[in-house]
Each structure stands twice: as C-alpha cells, then as structure tokens.
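Please look at the structure below and follow its chain from one end to the other before reading on.

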Amino acid sequence: MTKSRNNNFNLLHIAGVVMVIYGHQFALLGEEVPDIYGMAVSTLGVNLLFCVSGYLVTKSYMKSSQGYLKRRILRIYPELIFYLAVMAFFIGPILSELSWKDYFGSKVPFFYFLGNLAMKPHYLLPGVFPGGYIGGNVNISLWTLPFECLAYLLLFISGKVKILIEGFKKVKVRTAYINLFWIVPVFMWYLRELLGGGDFRDCSME
C-alpha cells in the first residue's frame, strides 16, 4: 500500500460490489448463481470485500490506534440506525400487506430494529415480501455485520497485545499478514455453509 490514494483498492472494492449485486440478482429470482472456478460469483465478491477491508482497516489502525473503536463504531452505527429505523418504521409499513395497526401490533419491526443493532440479524418484517423465493426476508446482507465487527474486535485485541503489530515492524512487507484478522469471519461463513445454514430462504427470527 502506498500513502497515495491513487491505488487499486477502490477498483477492487467496486469489483467486489458488482460481483455481489450480479450474483444476488440470480439468487433472488431462484436461479442458479454463476460461478467462477466453482465459487459463486457473489460469494467471491463478499470475500474480496472482506480482504480489501482487512488491508484498509489494518492500515488505519497502524497509522493511529488512538480512537480506533470509536472510529469503527461511527463507521457502522449512524448509517445502520438510520437504515433500520427507516426500513422498520417507514418503508416497512408502506410495503406491508398488513394494516399499520397489525404491522406495529406484531412487535416484529421492533425485533428487526433492536436485533440488528445488537448484531443478531433479523430479516423479517410482517407482511413485507410474504411470498416469492426470498420468503419475506428483508436485506439479508445484514448477515455480514457481525462478522465485520468480529474482525474489528480481533484487530483491536491483537494490536493491544502487540502480537501482530510488533511482527509488522520486523518484516519489509508490513501488510503480509493483515488478512489474518479476516480469515476468521470468512472461515465462519464457510462453516455456516457446510452446516446447511447458508440458504437465505431459511433465514428467520428463530
């Protein structure tokens, strides 16, 4: 990585986003997702985004560890709170097949809002997208947030105990092991797939 902002990370980030969007359009229609060398294109895109984030976030930590957790919280929560509030309490009742009274009476919107804030993803909103392949699930991409926060925490802990950061100072290529922090979330994702929990049609509040 160079100090200049003129690098290829933005290009890699855009490529990852495009692959995720491209792959998800097939999944949402119930069609087979195209793959690249046996891996679904959307899954490859997610892994690419995790890797790019691993480099950039670790570089940020190494540049200044002061206020790291505050920066990470501000990176996620303001936008997340805004999105969840708008989705659960404004767009949800508009799109729902239920009346506003029944919608809010179910208390599900509050579980959606609070559960996702607590990094325990909930995908259902009452009466919203009740049929179809996705089975009523709303913004299933929220599953990535707990993994992202776990990686942030691992980086913080490793930095504090000076295990990995001190190692960076002893090698010429200081970014050689940056993605160690992001192997865990990706591994957990694959483990989830192997255990049969990766089908988003099965996402629920249970």
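Met119 is buried in this predicted model, because its relative accessible area of 17% falls under the 20% limit that is used for that word. Met119 has its place in the loop between α5 and α6, and its phi is near 60 degrees, a positive value in a residue other than glycine. Another residue with a positive phi is Lys107, which is not a glycine either and whose phi is about 65 degrees. Lys107 lies in the loop between α4 and α5, and with a relative accessible area of 53% Lys107 is exposed.

What, then, is the setting of helix α5, buried or exposed? In α5, which covers residues 108–117, the buried residues are Val108, Pro109, Tyr112, Phe113, Gly115, Asn116 and Leu117. Because these make up seven of its ten residues, α5 is largely enclosed by the rest of the structure. The cover over the buried residues of α5 includes α3, residues 68–95, and α4, residues 100–105.

The loop between α5 and α6 also holds Pro126, which counts as buried at 11% relative accessibility. Which residues does Pro126 touch, if its neighbours within four places in sequence are left aside? Pro126 is in contact with Ser96, Leu98, Tyr103, Ser106, Val108 and Pro109. For one of these residues, Ser96, the separation in sequence from Pro126 is 30 residues, while in space the two C-alpha atoms are 6.6 Å apart.

Helix α3 can next be followed to its partners. Two packed helices are described by the angle between their axes and the distance between the axes. For α3 and helix α6, which spans residues 144–161, the axes come within 10 Å and cross at roughly 170 degrees. Since this angle is over 145 degrees, α3 is roughly antiparallel to α6. On the side of α3 the contact is made by Tyr68, Leu69, Arg72, Ile76 and Leu80, and on the side of α6 by Leu145, Glu148, Cys149, Tyr152, Leu155 and Phe156.

Helix α2 is another partner of α3, and the two pack at an angle of about 145 degrees with their axes 10 Å apart. Here Val57, Ser60 and Tyr61 in α2 meet Tyr68, Arg71 and Arg72 in α3. The residues of the contact of α2 with α3 divide into three nonpolar, one polar and two charged. Helix α2 itself runs over residues 41–63, and its 23 residues reach 33 Å from the first C-alpha to the last, close to the 33 Å expected at 1.5 Å a residue. Its buried residues include Val41, Phe50, Val57 and Tyr61.

How many helices and strands does the chain hold? There are eight helices and two strands, and read along the sequence they follow the pattern α-β-β-α-α-α-α-α-α-α. The chain has 206 residues, of which 35% count as buried. Among the contacts between residues at least 6 apart in sequence, 62% join residues at least 24 apart.

Notes. Residues numbered from 1 in each chain as written. Predicted model: local features only at pLDDT ≥ 70, side-chain atom pairs only at ≥ 80, totals over all residues. Heavy atoms only, no water. Buried < 20%, exposed > 50% of the residue type's maximum accessible area, 1.4 Å probe, protein only. Helix = DSSP H or I, 4+ residues; strand = E, 2+ residues; numbered from the N terminus. Contact = heavy atoms within 4.5 Å. Axes fitted to C-alpha atoms, helices over the stretch in contact; angles between N-to-C directions. Parallel < 35°, antiparallel > 145°, perpendicular 65-115°, else oblique. Expected span 1.5 Å × (residues − 1). Nonpolar A, V, L, I, M, F, W, Y, C, P; charged D, E, K, R; others polar.
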